[in-house]
2 protein chains.
Amino acid sequence: MIRLIEDNDPSAFEMLKLLYPYAGQAFIIGITGSPGVGKSTLIDALITQFRKRDMKIAVIAVDPTSPFSGGAILGDRLRMQRHATDEKVFIRSMASRGQKGGLSRATKDTAVVLSAMGYDIIIIETVGAGQAEFDISFLAHSIGIVSIPGTGDGIQAVKAGILEIGDIFIVNKSDRPDAETSVLELKMMLNMRRPTTCAQTSTLSPNWTPRVLKTIAQNGTGVKELADTFLSHFDFMKQNGSIVQKKIELEHLYFNSLIKDLTMEKILLFIKNSNDFKDALNKIESGSMDPITCAENVVNNLKVTCKQ
Amino acid sequence: MIRLIEDNDPSAFEMLKLLYPYAGQAFIIGITGSPGVGKSTLIDALITQFRKRDMKIAVIAVDPTSPFSGGAILGDRLRMQRHATDEKVFIRSMASRGQKGGLSRATKDTAVVLSAMGYDIIIIETVGAGQAEFDISFLAHSIGIVSIPGTGDGIQAVKAGILEIGDIFIVNKSDRPDAETSVLELKMMLNMRRPTTCAQTSTLSPNWTPRVLKTIAQNGTGVKELADTFLSHFDFMKQNGSIVQKKIELEHLYFNSLIKDLTMEKILLFIKNSNDFKDALNKIESGSMDPITCAENVVNNLKVTCKQ
């Protein structure tokens with residue numbers, strides 16, 4: 001089914017509709033951070049913790065694709081190998097192969113499948129965050145931002161726009177020097193974080209005070225506490241009812257992105273077959289008209305109506 | 001003008017059309033790499049080198065936005081401060097404020113303005129690369145990928161999908177241990193790079209052998225050679241005519257993204273005012289229909305035609 005989603009197979013779309021009513025129970029965790037901070041190792045250790053609580057875990061590793069590598073890198077899979085024979089653990093790398101709606105929708109669709117399959121926790125691993133195209137805060141109920149000491153985390157977190165979306169901040173490799181400085185810096189910057197007002201931060205849990213935790217994923221230090229903190233965040237949202245609100249919000253975002261994708265598909269097909277489009281390409285190539293005016297002309301000529 | 005672009009002011013669109021015929025002479029360099037590799041410092045040093053050749057330089061720093069910081073971070077500006085009084089140097093941070101078409105189009109539009117103003121070189125600085133939403137290879141003629149030693153550059157570069165789009169690979173902070181290893185690793189992986197066949201790599205210069213260079217941006221080591229290499233890449237493309245082909249390709253991509261943006265704008269406005277859309281939102285909230293079927297119904301009801 002996930003392969004069908006990746007391959008843009010139309011039957012995936014039909015099956016998703018059937019599965020949808022059974023999805024929605026899983027707790028979706030986003031784990032994000034720069035390359036090299038140890039996200040995969042941390043997730044591996046988190047799986048062990050959640051398994052001790054007898055929960056079923058699924059991991060979706062979202063790597064920006066490489067046509068060179070032909071998809072996901074072997075490394076991550078090897079690292080999580082020790083869970084390979086555990087049938088209550090499912091690990092899948094998602095590769096971007098030009099999915100309709102991009103990687104973001106393919107990941108969401110995959111989460112729907114896994115949720116319907118009864119996984120208790122779905123962990124989505126992404127490189128970076130706050131991108132317009134792939135925003136983990138559109139998918140996850142709780143977001144962990146991973147960083148390492150001594151890389152100027154604070155200012156970089158602000159630059160990457162990830163300070164706003166994190167529920168739990170993890171300073172990994174905390175046996176390195178400056179771990180304490182990184183923790184303090186993060187706490188300071190979190191104190192300066194504005195209250196939830198604008199659209200981009202609206203998916204944050206109201207009243208949840210973001211935590212800053214230290215881990216050494218390699219040997220498991222601090223990972224039990226991290227697992228507990230994620231679960232307590234989930235409980236917190238269930239108790240104050242904010243999880244219901246958050247789920248509706250995420251559904252609206254999903255619906256809106258579907259509307260965009262389906263509309264775009266339908267209309268681009270129409271446009272690319274039109275004479276207007278072919279004329280425009282010729283004009284651009286010959287330099288007789290700028291691309292902006294050309295695009296405007298093509299779109300002005302479109303007429304949209306509703307069927308009765 | 002750039003502020004108008006950022007603010008989605010409709011007059012920017014009209015002005016861009018007027019400016020377009022005067023743009024197109026600048027050499028556009030993309031500089032990308034993970035946070036913390038020293039991109040800003042390197043660009044600062046590159047400016048000095050290009051200024052020695054009496055070229056006019058513009059820098060567009062594209063930071064994923066932070067509602068917290070309200071835009072660009074002061075740090076970069078401070079770091080490049082020494083060029084602040086040089087009227088042949090222009091430095092601008094672009095913040096994402098929900099521009100139509102996203103940051104990618106705002107950056108392209110800004111490059112059009114700067115090119116029309118007669119800047120010889122436009123440097124676009126981005127965090128990361130290979131993102132579907134913001135792909136520097138859709139904007140730049142030559143792309144420099146910055147990394148630092150000892151961070152497993154090779155495998156991370158493959159993971160981030162940036163190996164395919166780089167023309168020049170820069171190992172910065174090369175006074176650190178393992179610099180030589182990083183260079184060798186990059187060279188090895190570049191040798192394994194597939195020839196230009198698929199769409200994503202089609203913007204690569206044909207026949208250009210990607211270079212790997214070492215720099216220490218902080219003290220300027222290797223930066224003269226880097227500047228020379230960028231200029232020789234430009235000359236190379238001019239001599240074999242590939243720059244013409246690349247510019248046409250980039251124009252087509254620009255045209256296509258404009259078509260998408262303008263279409264989306266027009267149609268979403270139509271959809272969001274429709275009763276179908278309001279009905280669908282109610283159904284999702286009450287849980288009586290899944291978002292996938294809802295979106296499909298709304299879009300199925302759309303009818304697109306061409307005006308005669």
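L253(A) is partly exposed, with 18 other C-beta atoms within 10 Å; by the definition used here, 20 or more such neighbours make a residue buried, 12 or fewer make it exposed, and counts in between make it partly exposed, with C-beta atoms placed from the backbone. This is a predicted model, in which local features need pLDDT of at least 70, side-chain atom pairs count only at pLDDT 80 or more, and totals for chains, interfaces and linings use all residues. Residues are numbered from 1 along each chain as its sequence is written, while chains are lettered from A and ligands numbered from 1 in the order in which they are written.

L253(A) belongs to helix α9 (residues 242–272) of chain A. Its C-alpha lies 9.1 Å from that of L139(A), although 114 residues separate L253(A) and L139(A) in sequence. Chain A as a whole has 11 helices and eight strands, taken as DSSP runs numbered from the N terminus (helices H or I, at least four residues; strands E, at least two). Of the 308 residues in chain A, 47% are buried.

Six of its six residues are buried, so β5(A) is largely enclosed by the rest of the structure. In a regular strand the side chains alternate between the two faces of the sheet. Here both faces are covered, with S142(A), G144(A) and V146(A) buried on one side and I143(A), I145(A) and S147(A) buried on the other. Strand β1 (residues 27–33) of chain A runs parallel to β5(A) and is joined to it by four bridges; strands count as paired if DSSP finds at least two bridges between them. In this pairing, T32(A) stands opposite I145(A). Strand β6 (residues 168–171) of chain A is also parallel to β5(A), again with four bridges, and there G144(A) faces I168(A).

Chain B provides an example of helix packing. The axes of helix α3 (residues 39–52) and helix α8 (residues 223–239) of chain B come within 9 Å and cross at roughly 70 degrees; axes are lines fitted to C-alpha atoms over the stretch in contact, and angles run from 0 to 180 degrees between N-to-C directions. α3(B) and α8(B) are therefore roughly perpendicular, a term covering 65 to 115 degrees. A45(B), L46(B), Q49(B) and F50(B) of α3(B) meet V223(B), K224(B), L226(B) and A227(B) of α8(B), where contact requires C-beta atoms, placed from the backbone, to lie within 7 Å.

Methods. Angles under 35 degrees count as roughly parallel, over 145 as roughly antiparallel, 65 to 115 as roughly perpendicular and the rest as oblique. Two residues are in contact if their C-beta atoms, placed from the backbone, lie within 7 Å.
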